[in-house]
Amino acid sequence: MIKLNVKQKCLLNDLLEIEIANVYKSIKNSKDETLIDAELDYIIECKLIKEKLKLNEQEKEQEKDLYK
């Protein structure tokens with residue numbers, strides 16, 4: 001398992017949010033059901049990764065300092 005610091009977790013969470021939003025927009029514009037299914041699976045995987053990067057209470061305090 002890779003050990004990440006709070007800044008790295010925050011950056012990865014931000015990137016995942018952007019990626020999920022972009023793929024969701026792509027789904028809305030697509031008519032290909034096979035592609036839609038694949039993109040939904042991709043979104044689910046991104047959300048699972050995001051859940052693993054969830055911050056604990058102490059890390060949330062550090063996150064506030066990072067985003068000031």
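## Asp-14 and its partner

Let's start with a side-chain pairing: Asp-14 makes a polar contact with Tyr-67, side chain to side chain, at 2.4 Å. Keep in mind that this is a predicted model, so every value here is computed from predicted atoms.

Where does Asp-14 sit? You'll find Asp-14 in helix H1, which covers residues 6-28. Asp-14 has a relative accessible area of 33%, so it counts as partly exposed. If you go from Asp-14 to Glu-45, you move 31 residues along the sequence, and the two C-alpha atoms are 15 Å apart in space.

Asp-41 belongs to helix H2, residues 33-52. Is Asp-41 buried, partly exposed or exposed? Its relative accessibility is 49%, so Asp-41 is partly exposed; the exposed class begins over 50%.

## A nonpolar patch

Back on helix H1, have a look at Leu-15. With a relative accessible area of 54%, Leu-15 is exposed. Leu-15 teams up with Leu-12 and Ile-18 in a nonpolar surface patch, and together the three have about 280 Å² of accessible area.

## Salt bridges

How many salt bridges does the structure hold? There are five. One of them pairs Glu-59 with Lys-9, with 3.0 Å between the closest N and O atoms. Glu-59 is in helix H3 (residues 57-66) and Lys-9 is in helix H1, so this pair ties together parts that lie 50 residues apart in sequence. Both partners are tucked away: Glu-59 is buried at 13% relative accessibility, and Lys-9 is buried at 14%.

Lys-64 and Glu-61 form another salt bridge, with their closest N and O atoms 3.4 Å apart. What separates Lys-64 and Glu-61 along helix H3? They are three residues apart, so the gap is about one helical turn. Lys-64 counts as exposed at 52%, and Glu-61 is partly exposed at 45%.

Note on methods: Residues are numbered from 1 along each chain as its sequence is written. This is a predicted model: local features need pLDDT of at least 70, side-chain atom pairs count only at pLDDT 80 or more; totals for chains, interfaces and linings use all residues. Side-chain values use heavy atoms; hydrogens and water are left out. Helices (H or I, at least four residues) and strands (E, at least two) are DSSP runs, numbered from the N terminus. Buried means under 20% relative accessible area, exposed over 50%, partly exposed in between (1.4 Å probe, protein chains only). A polar contact is a pair of N or O atoms within 3.5 Å; within protein, one must be able to donate a hydrogen and the other to accept it, and residues adjacent in sequence count only if both atoms are side-chain atoms. Patches are made of residues with over 30% relative accessible area and no salt bridge: like charges are joined within 9 Å, nonpolar side chains (Val, Leu, Ile, Met, Phe, Trp, Tyr) within 5 Å. Accessible areas come from the Shrake-Rupley method with a 1.4 Å probe; for residues, only the protein chains shown count as cover. A salt bridge is a side-chain nitrogen of Lys or Arg within 4 Å of a carboxyl oxygen of Asp or Glu.
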